[in-house]
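The sequence and structure come first.

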Amino acid sequence: MEPAVTSGARIGDRPRPKKNYLNETKGFKSWALTVDHKRIGIMYLVGTMIAFLLGGIFALLVRLTLLTPQHTMFGIQVTAETYNRFFTLHGAIMVFLFIIPSIPGSVTNFVLPLMIGAKDVAFPRINLASFYLWVVGAIMAVASMVIGAVDTGWTFYTPYSTSGTSSTVTLMTAAVFVLGFSSIFTGLNFIATVHKLRAPGMGWFDMPLFVWGMYSTAVIQVLATPVLGITLVLLMMERVFRIGIFDSRIGGDPVLFQHFFWFYSHPAVYIMILPGLAIISELIPTFSRKTMFGYRAIAYSSVSLALLSFIVWGHHMFVAGQSQLATVVFSALTFLVAIPSGVKVFNWLTTMYKGNISLEAPMLYAISFLMLFAIGGLTGIFLGTLSTDVHLTDTYFVVAHFHYVMMGSTVTAFIGGLHYWWPKMTGRMYSEKWARWAAVLWFIGFNATFLPQFILGSRGMPRRYYNYLDQFQPLHAFSTVGSWIIGLSLFMSAAYLLASLRKPMDAPDNPWGGTTMEWQTSSPPITHNFEEAPVLEHEPYDYRPKAVAH
Amino acid sequence: MSTSSTSDVHAHGGHGEHEHNPHHQHHFATMEQQFDTSKLGMWLFLATEILLFGGLFVGFGLMQHRYPREFVEAHEHLKQLVFGQHFPLYGALNTIVLLVSSWTMVMGVNAAQTNQKQKTVRYLVLTILLACVFLVVKYVEYEHKFADHLLPGIFYGHQAEDLIKGTHGYATFFSFYFMMTGLHGIHVLVGIGLLGWLVMRARRGEFSSDYYTPVDLVGLYWHIVDMIWIYLFPLYYLIS
Amino acid sequence: MSTHTESHTHHGGPKIYTANLFALLFLTIITVAAASFNFGSANVVIALAIASVKAILVGLFFMHLIWDKPVNAIVIIAGFLFLGIFLMFDFLDVTTRDGMQPRNMPVMENATPVPDTMNPLKAAPPKPLEPAPAAPEEHK
C-alpha cells in the first residue's frame with residue numbers, strides 16, 4: 001500500500017525510534033500519574049471495554065430471559081424485580097460508562113492531538129482528572145449494583161425513582177453525576193485544544209473531519225451535561241428531602257423531570273453518534289482512495305447536528321403529558337435534525353463512487369455502518385412523526401431504533417476505528433483474515449438480533465416487559481440467538497486484537513495510505529508525538545496523484 | 001515541536017523566548033498561547049456553571065408559574081422590617097457586598113498584572129473578608145428561617161397550615177430558596193478557599209506581569225459567583 | 001520573557017473598574033426602587049432586564065470580555081442561549097397544557113371528561129403527609 005502523499009518526514013524509510021510512548025517510561029506510577037494523552041487514551045480504552053463487557057453481560061441476561069414467554073432462564077424463574085434490574089443496569093452501564101466516554105476518551109484522546117500536529121491536549125492534567133473521575137464514577141456505579149441494583153430503567157423516571165423504589169437510586173445518581181463531570185472535562189479539553197493547538201498553517205477547514213466531529217461532540221458535552229448534573233441533584237433532593245418538584249403528591253410535576261432529563265439526554269445521544277460519524281469520515285476517503293466529496297458540507301453538518309440536537313428533546317415525551325402545542329413543535333423540529341445526517345450519508349456515498357475501494361476490516365465496518373445507520377436514522381423519523389409514535393412509543397420498535405443508531409452505528413464505527421488506528425496505537429497489525437470474518441459475523445449477528453425487534457414493536461410488544469404473548473416467541477428467540485452471534489463476533493475481535501500484542505512491533509507508519517497527520521509519525525508514536533514539527537502540505541484527504549519523492 | 005519555530009502563530013512577543021518562564025508548559029508554543037488557552041478553558045467551565053445554576057432557575061421559574069400566589073406571599077418572608085417598612089435588607093446588603101468584592105477582585109488582578117505584590121495581597125485579602133461578610137449575613141438569614149420553621153422538604157414545619165390552604169406552594173418555595181442560596185453559598189466557600197491559596201502564592205511573590213494566570217482565572221470564577229447572585233437577588237428578594 | 005504585557009496592561013485599569021462599580025451600585029439602587037412599584041406582569045421582566053444589564057457590565061469590564069478575543073464571549077453567550085432554549089420550551093409546554101384539544105377523533109365527544117380528582121390542577125387538597133421526622137417541639 002503505497003502512501004499517496006509525501007510530507008517533511010520520510011515515511012517507511014525512517015528507522016523506527018527505539019523509545020516510544022509505551023516503553024519510554026515503565027512502572028505503575030508512570031501510567032497512573034501520566035499526563036500523556038496517548039497513555040490516558042489507552043487507560044480509557046481498557047476501562048470502557050470492561051464496562052462494555054459488563055453491560056453486554058446484562059444484555060445477554062435480558063435476551064436469555066426473553067427466550068421464552070414465561071421469563072424463565074435455565075429453568076429458574078426470573079422475577080419482575082430482577083428483570084427490571086437487568087435492563088436498567090444494561091442501559092445505565094452502556095450509556096454512562098461505555099458509549100458516552102468511550103470514543104472521546106480513548107480514540108479521540110489518542111488521535112486528535114496527532115491529527116492537528118500538537119504535542120498534547122490543551123490541559124493534560126485535566127485529561128488525567130477526567131479519567132480518574134470516570135474510574136470513581138464506575139466504582140460508585142458498581143457499588144450501587146452490588147448493594148441494591150437500580151430497577152427504574154436508565155431514565156430514572158419519577159415518581160418511581162423518587163418515591164417508589166427502595167433500590168440504590170441515590171448512589172447510582174451520584175455515580176452518574178461524577179461521570180458527568182468526567183465528560184465535561186473531556187469536552188472542555190477538546191474545545192480548547194482545537195481552538196488553540198492546531199499546527200501552524202492549519203486553518204479550521206484544513207482539519208480532518210474527525211476533528212470537526214469531535215469538536216461538535218465536545219460542544220454538546222460542555223453545554224448539555226451540566227443540566228444532567230442539576231437534574232440528578234434535584235432527583236436526589238426529591239428522594240431524600242421530599243422537596244416537592246417532581247412528585248405530584250407533594251406538589252411537583254413528573255413531566256418536569258422528563259423535561260430536565262431529556263434536555264441533556266437527547267443531546268447526549270448526539271454525543272454518542274457524532275464520534276461514530278467522525279470516525280466514518282476518516283475511514284471512507286482512506287479506503288476509497290479518494291478525496292472526500294463535500295468536505296465543508298460534512299463539517300457544517302457536524303456542527304448543525306450539535307446545535308439542532310438541543311431543540312428536539314420533547315420527542316421523547318409525546319405521550320407523557322406534555323402540552324399538545326409543545327408536542328407539535330418538537331415533532332416539526334425533529335424532522336429538521338434528520339437533515340444533516342442525510343447530508344453526511346450522501347457525501348460519503350459520493351466519495352465512494354468511482355473510488356478505488358479496498359475492503360479491509362475497517363472498511364467492512366464502515367460499509368456496515370452506512371446500512372445500519374440508514375435504518376436507524378430512518379426509523380427515527382417514524383418515531384418523530386406524531387401519528388405513528390403514538391402506536392410505536394414504548395414498544396420494541398423504539399428499542400430496535402436506538403440500538404441501530406447506538407450499537408449498529410456508533411459501536412460499529414468504534415470497532416472500525418479501533419482496527420484502523422490499532423497499528424498506530426500498538427505498533428502491530430492484527431490478523432486481517434480473522435478481522436474480516438468477525439466483521440461479517442458482527443453484521444449478521446446485529447441484524448439478527450435487532451431487525452426482528454422492529455416487527456415485534458410494530459405488532460405491539462412493549463419494551464421493558466419480562467413476559468409476552470406466545471405469538472411473539474419465534475421473533476424473540478431469533479433475536480436471542482442473534483445476541484449470541486454478536487457475542488461471538490466480539491469475542492473473536494478481542495481475541496485476535498489481544499493476540500496481536502504478542503507480535504513484535506513492526507507495523508508501518510502508514511499502513512493504510514492515510515493522508516492525515518497522525519500517519520506522519522511512527523507507529524507507535526514517540527512520547528512527544530512528532531520528531532520534527534509536522535508541516536501541513538496539502539488539502540485534507542488529498543488523494544490526487546502527485547510526484548512522490550522529495 | 002521546537003519553541004523557536006519559524007512560523008510564530010502569535011505576532012506579539014515576536015522577539016523570541018530568551019529566558020525560560022518556569023511556568024511554561026511544553027505543549028504550548030508561547031506563554032501567550034498558554035495564557036489564552038487557560039482563559040478559554042476557564043470560560044468553558046463558567047459556561048457549565050451557568051447551565052448548572054440555570055437549571056435551578058428554570059425549575060424555580062416553572063414552580064413559580066405553578067404557584068404564583070404562594071410564591072409571592074412567601075417572598076415576604078425574605079424581607080425584614082426596616083424603619084417600619086418591609087425591605088429586603090439582608091438581600092440588598094449581600095448584593096452590595098458581592099459587587100464590592102468583585103471590584104476588589106479585579107483590582108487584585110490588576111495589581112498582580114502590574115507587579116504590585118503588596119497591593120495584590122491586600123486586595124485578595126479584602127475580597128476574602130467581603131466573602132466572609134456575605135456568608136455571615138447569609139447565616140443570619142438562615143437563622144431566621146430556622147426559627148420560623150421555614151425549612152426545605154421534610155424539615156418544613158408548616159405543613160398543617162398549608163393543608164388547610166390546600167397547597168404545597170410555600171414548601172416548594174422554601175425548598176428552592178435553600179437549594180439555590182445553598183449551592184451559591186457552597187460556591188462562595190470554594191471561592192474563599194481558592195482566594196486563600198492565591199494569597200499564599202502572592203505573598204511568596206509568585207505573580208508578576210510575566211505570570212498572573214491563576215489570579216485572572218480565580219477572578220473570572222469569582223465574577224461568575226457574583227453574576228449568579230445578581231440574578232438571584234431580584235428573583236427572590238424583590239418580587240412582590 | 002513577557003509576551004503579553006504589551007497587550008494586557010493597557011486594558012482595564014483602576015479608573016474603569018471603579019466607574020463600573022459605581023454603575024453597578026447605582027443599578028442596584030434602581031432595581032430595589034423599581035420593586036416598590038407594581039408594573040403587573042412586567043415586574044419580573046423589568047427586574048431581569050436590570051439584572052442583565054448588571055451582568056453584562058460585570059462580564060464586559062470586570063471579566064475583560066470587551067478587550068478579549070471574541071471566542072470567550074461566544075462561549076458564555078452560548079451558555080445563556082441554550083439555557084434560554086431550555087426555559088423557553090419548558091414554558092411553552094407548561095403554559096399551554098389543557099390548550100389544544102384533538103379535533104379529529106369524534107369519539108371524544110362522547111368520552112367521559114377527565115374527573116377533577118385526576119386533574120392535578122383542580123384536585124382537592126391532598127391527604128395528610130406523614131409527620132416530618134424529628135419535628136421541632138413547638139409549631140407556630
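**Chain A and chain C**

C:Arg97 and A:Asp253 form a salt bridge, with their closest N and O atoms 3.3 Å apart; the term stands for a side-chain nitrogen of Lys or Arg within 4 Å of a carboxyl oxygen of Asp or Glu. The model is predicted: local features need pLDDT of at least 70 and side-chain atom pairs pLDDT 80 or more, while totals for chains, interfaces and linings use all residues. Residues are numbered from 1 along each chain as written, chains are lettered from A in the order written, and side-chain values use heavy atoms, without hydrogens and water.

**Interface**

- The rule finds one salt bridge across the interface of chain A and chain C.
- Six residue pairs are in polar contact between chain A and chain C, both residues at pLDDT 80 or more.
- On chain A, α6 (169-196), α7 (209-241), α8 (254-288) and α10 (324-352) each supply at least two residues of the side that touches chain C.
- The largest share of that side, seven residues, comes from α10(A).
- Chain A and chain C bury about 1,800 Å² between them, 77% of it on carbon and sulfur atoms (accessible area lost on being put together, 1.4 Å probe, summed over both parts).
- A:Leu223, A:Gln324 and A:Leu325 supply 23% of the area that chain A buries against chain C, more than any other three residues.

**A:Trp484**

- A:Trp484 lies in helix α15 (residues 473-500) of chain A (a DSSP run of H or I, at least four residues).
- The relative accessible area of A:Trp484 is 42%, so this residue is partly exposed (between 20% and 50%, 1.4 Å probe, protein chains only).

How values were computed: Buried area = accessible area lost by both parts, 1.4 Å probe. Polar contact = N/O pair within 3.5 Å; in protein donor to acceptor, adjacent residues only side chain to side chain.
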